[in-house]
Amino acid sequence: MHHKFCIVDHRILATGSFNWTGAASSRNCENILVSSEPKLVSAYSAEFERLHAAFSRSNPVSTAAAATKLQAALRGRAARLPPAMGRAQSSRGTAEEKVAAALSQLLAQAPSGRLSLGACRALLQRLNLRPVQARWLLHTATEECCELMRRRGRRRGAAAEMAALLSSLGSLAATLESDLLMPPSAAAATLFFPSVAAREELCGVLATARHTLDVCVFTLSDRRIADTVLDAHKRGAAVRLITDDVTAMNDGSLVFELAEAGVATVVDSDFEEWRTAEDGSMRRSGSTPRHMHHKFCLVDGQILLTGSYNFSWSAGNVNCENMLITDDPYHVRRYGEAFEGLWREFRRAMYVSRQEAAVRIQRIERGRRERTAGARGMRQVVNAASVKANAGRRIAGGRSPRAR
């Protein structure tokens, strides 16, 4: 059961690569996608109900006694935790301040206070808001317009400026409706595994790449998917692969094969730990091994695939997995920014970021495995010879009395 998703109040979905562990939140490379799109929430809710019914029949553990015991254990653990050191600043408050400042500056600098549709679209692109924030943004814009109208109310020509501000507010409202609320998603789908059909649909989406294909995945050992990625590279698409440095060395991994074929490939580096020195500067205090645990792809910078699904045979044929496919501009942009950040960071580490390095590491690993297999074979030959010799001695010893 390899899923990593939850549904809140039957209206909000959270899914991605994130396991609910300390390592996932403190050092691993992970992601969570949050969506309130009814179609996605409904699909994942149905999958949860299916699994819950199936697992309850085979392994029932959801009893009142178990729930009570778990609740008591959690309360005891909470009581042992140290007191909070103060409340962190709300991310929503920070976002509200950011939007308010941007709107105030833009409205004040616009000619005669009028805000065009083009300026509204540029503002929305810069703020990178989600559709669910549209109402909040409109409310914030209304407050900013009222404040500007209050400050300008006693000046000459105030009536014309107020009319311009109201027109700007109308432009912003129209832009919010057309750009954030109205357009339906052209590619919103959910894939659940194990399923041969879902695996083929996944490969079909990857095969549509014409210009770019960015793959960021923990494991890549499925031959069918690896061939699809390689075909995109051969067609001339700019293919980039980010993966984990440990799983890249596993038996069956196809990472080095893709790198040797020319696919630009990098692996993660250790998580660097920093401390504040006495002079206030940040200094590196050490490093901790981590995993590049993402499982997402970007096709032509327009379609996002993300979920729990590793590119392995067991993920498609055995495990309980999920993959979400969407062209939502907000999510595509955020995951694109995450990919670029990881690419820059890991490329500096230069572990497998060059084709020659990938080939060299592959040869070293193959040589090590061949030597290990050879030594194991020699031990087996020696052991077989020893067993044969002992058997011969036992047979000879058993016949000697009769011979005498």
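# A guided tour, from an aromatic cluster outwards

Let's begin at F296: at a relative accessibility of 1%, F296 counts as buried, because the cut-off for buried is under 20%. The model you have open is a predicted one.

**Stop 1: the ring cluster**

Over the whole structure, a search finds 7 aromatic pairs. In the pair of F296 and F339, the ring centres are 6.5 Å apart and the planes meet at 80°, so the pair is edge-to-face. F296 belongs to strand β10 and F339 to helix α12 (residues 329–349), so the pair ties together parts that are 43 residues apart in sequence.

Ring pairs link F296, Y335, F339 and W343 into a cluster. Which residue lies over the face of W343? Select R240 to find out: R240 sits over that face, 5.2 Å from the ring centre.

**Stop 2: the seven-stranded sheet**

Strand β10 leads us to our next stop. Show the strands and follow them across in the order β4-β12-β11-β10-β5-β6-β7; this is an open sheet of 7 strands with mixed pairing. From one strand to the next, the twist averages 10°.

Zoom in on β5 and β10, which pair in the antiparallel sense over 5 bridges. Next, colour helix α8. This helix packs on the sheet, touching β4, β5, β10, β11 (303–307) and β12, and its direction makes about 135° with that of β4.

**Stop 3: the largest nonpolar core**

In soluble globular proteins, nonpolar side chains tend to be buried together. To see this here, select L202, L206, L213, L220, L305 and F311, which touch the most other members among the 34 residues of the largest nonpolar core. Elements that each supply at least two residues of this core include β4 (189–193), α8 (196–206), β5 (212–217) and β12 (321–326).

Stay with F311 and show its surroundings. Leaving out residues up to four places away in sequence, F311 touches L202, L206, V215, V217, T219, L220, S221, D222, I225, C297 and M323. A second, separate core has 23 residues, among them C29, V266, Y335 and W343.

**Stop 4: the three-stranded sheet**

Move to the start of the chain. Here an open sheet of 3 strands runs in the order β1-β2-β3, with antiparallel pairing. β1 and β3 (32–35) stand at its edges with a single partner strand each, so one side of each has no neighbour in the sheet. The twist averages 15° from one strand to the next.

Strand β1 (residues 5–8) and strand β2 (residues 12–16) pair over 4 bridges. Select F5 and its bridge partner T15 in β2, then V8, which stands opposite I12.

You will find E47 in helix α2 (residues 38–58). Is E47 buried or exposed? With a relative accessible area of 6%, E47 is buried. Leaving out residues up to four places away in sequence, E47 touches H3, F5 and F192.

**Stop 5**

Most residues other than glycine have a negative phi, and most peptide bonds are trans. Now look at some exceptions. In the hairpin of β1 and β2, with 3 residues between the strands, D9 takes a positive phi near 55°. H10, in the loop between β1 and β2, has a positive phi of about 60° although it is not a glycine. H10 counts as exposed, because its relative accessibility is 67%. D300, found in the loop between β10 and β11, has a positive phi of about 55°.

P194 lies in the loop between β4 and α8.

**Stepping back**

Zoom out to the whole protein chain: its secondary structure comes to 13 helices and 12 strands. Of its 404 residues, 38% are buried.

Terms used
Residues numbered from 1 in each chain as written. Predicted model: local features only at pLDDT ≥ 70, side-chain atom pairs only at ≥ 80, totals over all residues. Heavy atoms only, no water. Core = buried A, V, L, I, M, F, W, Y, C linked by side-chain atoms within 4.5 Å. Buried < 20%, exposed > 50% of the residue type's maximum accessible area, 1.4 Å probe, protein only. Contact = heavy atoms within 4.5 Å. Phe/Tyr/Trp six-rings, centres within 6.5 Å; stacked < 30°, edge-to-face > 60°. Lys NZ or Arg CZ within 6 Å of the ring centre and 35° of its normal. Pairing = 2+ DSSP bridges. Axes fitted to C-alpha atoms, helices over the stretch in contact; angles between N-to-C directions.
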